[in-house]
Amino acid sequence: MARYGLLQRKVVSEHLAGVMHLLIYTGIIALFIGTTLVFIDHDILRVLGLRLLHGDFYLGFEFVLDVMGVAFLLGLALLIYRRFIRHEPRLRNRLEYSMALAGLLFIGLSGYVLEAIRLTVEPRPWSGYSFVGKAVSTAFFVNLPTEPLTLLYRGIWWSHAIVAFAMVAVLPYSPLGHIFSTLLNIAVNAPRQLPLGKMKTPFRIDELDPSADIKLGFRSLAELGWMEKLGLDACTDCGRCEAACPAHAAGTPLSPRDIMQKLRRQLWRSDGLDEDVFASGLIDEEEVWACTTCSACIEACPVLIRPMDYILEMRRALTLEGKLDKRKTAMLTNLSRYGNPYGFDQSEKQKFFEELAEMGVQTLEEKPDAEYVYWIGCASIYDARGREIAKSVAKILLKAGVSFAVLGVEETCTGDPARRIGEEGRFQELALQNIETLKQKSVKKIIVNCPHCFNTLKKEYRDFGLELEVKHHSQVIGELLRTGRLKLTKPLSEKITLHDSCYIGRINDVFEEPRFVIQSANKDGAYVEMSRSGRKSFCCGAGGSTYWYEVRRTDRESVIRLREAVETGASILAVECPYCMQMFADAARVTGVDQSLKIKDIAEIVAESI
Ligand code: SF4
Ligand code: SF4
């Protein structure tokens, strides 16, 4: 609360907007405290024969209040600059925003005018402490007669008071109401939020009463709890989530800000709570399906709102009603029938594990005492490019003498694509099946090269009673290099940049190891960051199951990101996820940069330098 609410840590992370907000916010608080102290001193203490505002304290009080008033007006000036001169596309011009700005400006300016007239009519030897009031007095009022000044003072005093009281009265309905709703949201919701990447488990399929009526997600706001409603109400329309959203940048119909604002306005409509958000046309189904679940909107939101959670809950409601197109249905059918989203049968899986066996990789059946299970993941079992990644990982693990084995044909999809598409039942069927296999084989430690498997195995299987130590291959390779168990004898000399995958970077906080691994393998070369990297990385467009169906868009997330990689002048774009690999390989072919920019998984980079 103190960090994000009072100190506004995320708000100030954007420089101009942050400074502006901080000036206005601290100015309002200081002026509010100042006015309250004046009221207490004049209207309560003096009646009792006591005084608070006198002596040195009073002089300091006057000085600080003038300084904070300047800060407040400077903040408003910055707001006017951003909104009306710079025309920042993120800032919307609505009448209520302009009225709130005009009200604040009037209160700030009229406060100084009142102070100036007071100092003119009743000059004080210490008036220099009210330095702004004194300057205004000297500039405009000093030689004017007292009577008209007194009249003017009364007029401005009443207007100042009326505007201030009116703004307080309409506070809950005005844009300034966010002062309270955001603080409340941060205080109440933030401590209860699930870790990034973990979806709510609404039921346990193995504990369900078969006759029970299943309810999933929401179609109307009446179905939301009060905490979710509070989250909606706290949205300030700042647009940071929209600016960070890859689906929005790619020209899909989705804007997380629009979703939040539409739902927020619906919340305040008298008949809004019970209305079906899809049937009423408030939310278009396409908006909901465009989300890649990259969590950039959550990362960007300065007041800790989670737009993605609302989107995924609406998805769940659509899926429950079977509102799925052919490709989504096909993917889910493949998961049920074949245990993988591609729809390949067992023989394809068998073939790949035979290739691994030829390299010397054993199954857990052959090596029951293996320390780790290398969980390969569907994208590296069935996709040709993904298989190259898995082979590189296996080569490294074998070379370093890591005690590991694979599950072989017993490995099935973790269920991640089903959960992200909103099919909770299908997800849980797969999860429970995998958990049973892993428990039977007493598996405790897992290595993965797929960030989606990483996230599901590490964070989501916990709700079903399985705690695993899961390591991404970048972490394992990093450890092997740091401990000297893996020696690289053929250092590369390339210029390399890294695309942080959403599910391993922003969502699971693995940033340092992939960079360390690349730099260790590329000792004679250079490493460069893209303009958006680390926590602010930009999604490749494959997450949230969107890899498995079509989304209407004017550009592609992968192409936008590839352009950023090309801008660095790198010769290799390093990835850490087989889905990112497929997205970028495709984007490189489409844009024709596949000759100048090689796309490699970090395991492939390391395997080359062994
Ligand atoms: S999770 Fe990513 S794609 Fe989805 S709304 Fe948020 S920023 Fe956009
Ligand atoms: S959800 Fe957060 S980031 Fe998005 S517009 Fe609302 S307050 Fe801003």
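The points below take the packing contacts in turn.

1. Basis. This is a predicted model, in which local features need pLDDT of at least 70 and side-chain atom pairs count only at pLDDT 80 or more, while totals for chains, interfaces and linings use all residues. Residues are numbered from 1 along each chain as its sequence is written, chains are lettered from A and ligands numbered from 1 in the order in which they are written, and side-chain values use heavy atoms, without hydrogens or water.

2. H7 and H8. Helix H7 (residues 178-188) packs on helix H8 (residues 226-233) at about 140°, the axes being 8 Å apart. Helices are DSSP runs of H or I with at least four residues, numbered from the N terminus; axes are lines fitted to C-alpha atoms over the stretch in contact, and angles run from 0 to 180 degrees between N-to-C directions. H7 and H8 are therefore oblique to each other (under 35 degrees is roughly parallel, over 145 roughly antiparallel, 65 to 115 roughly perpendicular, the rest oblique). From H7, Ser181, Leu184, Asn185 and Val188 meet Trp226, Met227, Leu230, Gly231 and Asp233 of H8, contact meaning heavy atoms within 4.5 Å. Five of the residues in the contact of H7 with H8 are nonpolar, three polar and one charged.

3. H16 and H18. The axes of helix H16 (residues 346-359) and helix H18 (residues 384-399) come within 10 Å, crossing at roughly 30°. That makes the two helices, H16 and H18, roughly parallel. H16 contributes Glu348, Phe352, Glu355, Leu356 and Met359, and H18 contributes Arg387, Ala390, Lys391, Ala394, Lys395 and Leu398. The contact of H16 with H18 has six nonpolar, no polar and five charged residues.

4. Cores. Which residues touch the most other members of the largest nonpolar core? They are Leu263, Ile446 and Leu457, in a core of 140 residues. A nonpolar core is a set of buried Ala, Val, Leu, Ile, Met, Phe, Trp, Tyr and Cys residues joined through side-chain atoms within 4.5 Å. Helix H25 (residues 578-591) supplies the largest share of this core, seven residues. A second, separate core of 23 residues includes Leu78, Ile107, Val136 and Met167.

5. Arg515. This residue lies in helix H23 (residues 512-521). At 13% relative accessibility, Arg515 counts as buried (under 20% relative accessible area, with a 1.4 Å probe and protein chains only). Leaving aside neighbours within four places in sequence, Arg515 is in contact with Leu498, Asp500, Tyr527, Glu529, Ser533 and Gly534.

Technical notes:
Nonpolar A, V, L, I, M, F, W, Y, C, P; charged D, E, K, R; others polar. Buried < 20%, exposed > 50% of the residue type's maximum accessible area, 1.4 Å probe, protein only.
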